[in-house]
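Reader: Can you walk me through this one? I'll ask as we go.

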Amino acid sequence: MLIITIKQGKEKSLLAGDPFIYASAIEKVDGKPQERNKPGATAIVQSSARQFLARAAYNAKSQIAARVWTLREDEPVDHAMMKRRVQAAVARRAAAVRNADPQALVLLVDGDKDGLPGLVVQGYGGTAGYLVCQFNAGGVDLWKVAVVQALLSATGCPNVYERCDALLRKGEGLPVAPRALAGDEPPQRLTVRDGQRLVPMDIRTGFVYPR
């Protein structure tokens with residue numbers, strides 16, 4: 001596992017709840033080169049006095065060098081964590097999902113707010129519809145299989161599609177390859193509620209067709 005040592009005094013923002021660690025705050029990164037070059041590799045973050053601060057996803061290719069997973073030393077970054085956090089995010093928005101128009105795109109996972117930095121998940125059409133995911137950071141991309149498994153279990157929706165924001169993913173050193181991750185790919189054109197309007201949209205990309 002990688003070890004990130006933070007410069008003296010730079011741990012204050014981290015302890016205050018800032019989930020981002022920038023390269024300017026890092027004194028050094030220890031670990032095997034193949035791990036240091038893997039976008040999203042799990043790292044222990046420690047102070048200049050070698051005290052544990054956090055576990056984070058390290059990405060040397062990103063402007064945000066590391067994104068915090070947890071400040072708890074007794075909480076490992078593993079499949080169980082991903083499952084817990086996805087389930088909690090979906091449960092948190094269960095009432096909104098139940099009351100939503102089935103033609104609306106409903107937010108199910110909202111990145112840092114749900115302890116899953118870089119992950120955005122929207123649902124369309126209820127349990128028989130589609131989940132559209134964006135893995136916009138190396139950490140969640142590395143745990144993609146675990147995230148998808150947790151989404152299938154938490155929502156009961158069999159169709160999961162990955163939408164790719166080319167600019168964000170390239171900035172993270174990640175490939176741009178939109179595709180179905182489970183079940184069927186959404187149709188190219190669906191009717192989606194946007195406020196009071198119904199608009200024709202490709203939910204795979206977010207493109208709204210001219211009327």
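Reader: Ground rules before we start?

Author: This is a predicted model, where local features need pLDDT of at least 70, side-chain atom pairs count only at pLDDT 80 or more, and totals for chains, interfaces and linings use all residues. Residues are numbered from 1 along each chain as its sequence is written, and side-chain values use heavy atoms, with hydrogens and water left out.

Reader: How many helices and strands?

Author: Seven helices and 14 strands. These are DSSP runs numbered from the N terminus: helices are H or I with at least four residues, strands are E with at least two.

Reader: What about the radius of gyration?

Author: The protein has 18 Å. A compact globule of 211 residues would be near 17 Å, so the value agrees. The radius is taken over C-alpha atoms, and the globule rule is 2.2 Å times the number of residues to the power 0.38. The C-alpha trace spans about 60 × 30 × 30 Å along the principal axes.

Reader: What share of the residues is buried?

Author: Buried residues make up 47% of the 211. Buried means under 20% relative accessible area, exposed over 50%, partly exposed in between, with a 1.4 Å probe and protein chains only.

Reader: And what share of contacts is between residues 24 or more positions apart?

Author: Such pairs account for 49% of the contacts with a separation of 6 or more. Contact means heavy atoms within 4.5 Å.

Reader: Switching to charges. How many positive and negative side chains?

Author: There are 29 positive and 21 negative, and the centres of the two sets lie 1 Å apart. Lys and Arg count as positive, Asp and Glu as negative; His and the chain ends are not counted. Each charge is placed at NZ of Lys, CZ of Arg, CG of Asp or CD of Glu.

Reader: How many salt bridges?

Author: The whole structure gives 18. A salt bridge is a side-chain nitrogen of Lys or Arg within 4 Å of a carboxyl oxygen of Asp or Glu.

Reader: What does Asp-101 pair with?

Author: Asp-101 meets Arg-193 in a salt bridge, 2.6 Å from N to O. The pair links distant parts of the chain, 92 residues apart. Asp-101 sits in the loop between α4 (94–99) and β7 (105–110), Arg-193 in strand β12 (residues 190–194).

Reader: Are those two buried or partly exposed?

Author: Asp-101 counts as partly exposed because its relative accessibility is 26%. Arg-193, at 28%, is partly exposed too. Elsewhere, salt bridges that share partners join Asp-141, Lys-144, Glu-162, Arg-169 and Arg-179 into one network.

Reader: Which residue bridges to Arg-72?

Author: Asp-74, at 3.1 Å from N to O. Asp-74 is exposed, with 57% relative accessible area. Arg-72 is at 46%, so it counts as partly exposed.

Reader: New topic. Where is Gln-134?

Author: Gln-134 is in strand β9 (residues 130–135). Gln-134 counts as buried, at 14% relative accessibility.

Reader: What does Gln-134 touch?

Author: Leaving out residues up to four places away in sequence, Gln-134 touches Gly-118, Leu-119, Val-120, Arg-163 and Asp-165.

Reader: Last one. What is phi of Arg-50?

Author: Near 70 degrees, a positive value in a residue other than glycine. Most residues other than glycine have a negative phi. Arg-50 lies in the loop between β4 (41–46) and β5 (52–58). Its relative accessible area is 43%, so Arg-50 is partly exposed.
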